[in-house]
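This report describes a single protein chain.

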Amino acid sequence: SSGINAEYGERSTPTEVRNLELLQEKGASSWLTCLPLESLNFTLNRQEWYDAMSARYNLPLVGNPLPEFCACGETNSIDHAVSCKLGGFVNYRHNNVRDYMAHELRGVCHDTKVEPPLLNVRG
């Protein structure tokens, strides 16, 4: 942090400084140099690549922007969308892990099932 603060001084916001720190961590760029192997799901389509670059460099989304406001009422941003428990991607990430685990378990436990989503009880 001190190196980044010394270099950019007062010009950077705390969010920008934190983003620069994250970009400099060991392994932060590994996904950019891995082979695009479909068998391991290491591929990105054009929109996914643009989204990943936007998230990586804290740029506006290209082509398919987020709604201006989240379902929770806050102003939407990539940072907010990845952490909001109401309208963000928290459930999406959880469901990806759940579905992957269920798929792998079906190879061993043939009666593996994924619970259906709960019904919305709000009026």
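Tyr50 has a relative accessible area of 33% and is therefore partly exposed; under the scheme applied here, buried means under 20%, exposed means over 50%, and partly exposed lies in between, with a 1.4 Å probe and protein chains only as cover. The model is predicted, so that local features require pLDDT of at least 70 and side-chain atom pairs count only at pLDDT 80 or more, whereas totals for chains, interfaces and linings use all residues. Residues are numbered from 1 along each chain as its sequence is written, and side-chain values rest on heavy atoms, with hydrogens and water left out.

Tyr50 also takes part in an aromatic pair. A search of the whole structure returns 1 such pair. It is edge-to-face, because the rings of Trp49 and Tyr50 have centres 5.6 Å apart and planes at 75 degrees. Rings of Phe, Tyr and Trp (its six-membered ring) are paired when their centres lie within 6.5 Å; planes under 30 degrees apart are stacked, those over 60 edge-to-face, and the rest tilted. Trp49 is likewise partly exposed, at 40% relative accessibility.

Trp31 is located in helix α3 and is partly exposed, with a relative accessible area of 33%. The C-alpha atoms of Trp31 and Phe42 are 8.6 Å apart, with the two residues 11 apart in sequence. Val62, by contrast, lies in the loop between α4 and α5 (78-83); at 42% relative accessibility, Val62 counts as partly exposed.

The structure contains 2 salt bridges, defined by a side-chain nitrogen of Lys or Arg within 4 Å of a carboxyl oxygen of Asp or Glu. They are listed below.

| Glu21 (relative accessibility 18%) | Arg18 (relative accessible area 44%) | 3.6 Å |

Glu21 counts as buried, whereas Arg18 is partly exposed.

The largest pocket has a volume of about 780 Å³. Of its 19 lining residues, the closest to its centre are Glu48, Asp51, Phe89, Tyr92 and Asn96. Helices α4, α5 and α6 (90-106) each supply at least two lining residues, and α4 provides the largest share, with 5. On a 1 Å grid over the protein atoms alone, a pocket is an open set of points with protein on both sides within 12 Å along at least five of seven lines, and lining residues have an atom within 4 Å of a point. The volume is the space filled by probe spheres set on these points, which are joined across faces, edges and corners.

Overall, the protein has 6 helices and 0 strands, and its pattern along the sequence is α-α-α-α-α-α. Helices (H or I, at least four residues) and strands (E, at least two) are DSSP runs, numbered from the N terminus. Of the 123 residues, 15% count as buried.

Notes: On a 1 Å grid over the protein atoms alone, a cavity is a set of points where a 1.4 Å probe fits but cannot get out, and a pocket is an open set with protein on both sides within 12 Å along at least five of seven lines; lining residues have an atom within 4 Å of a point.
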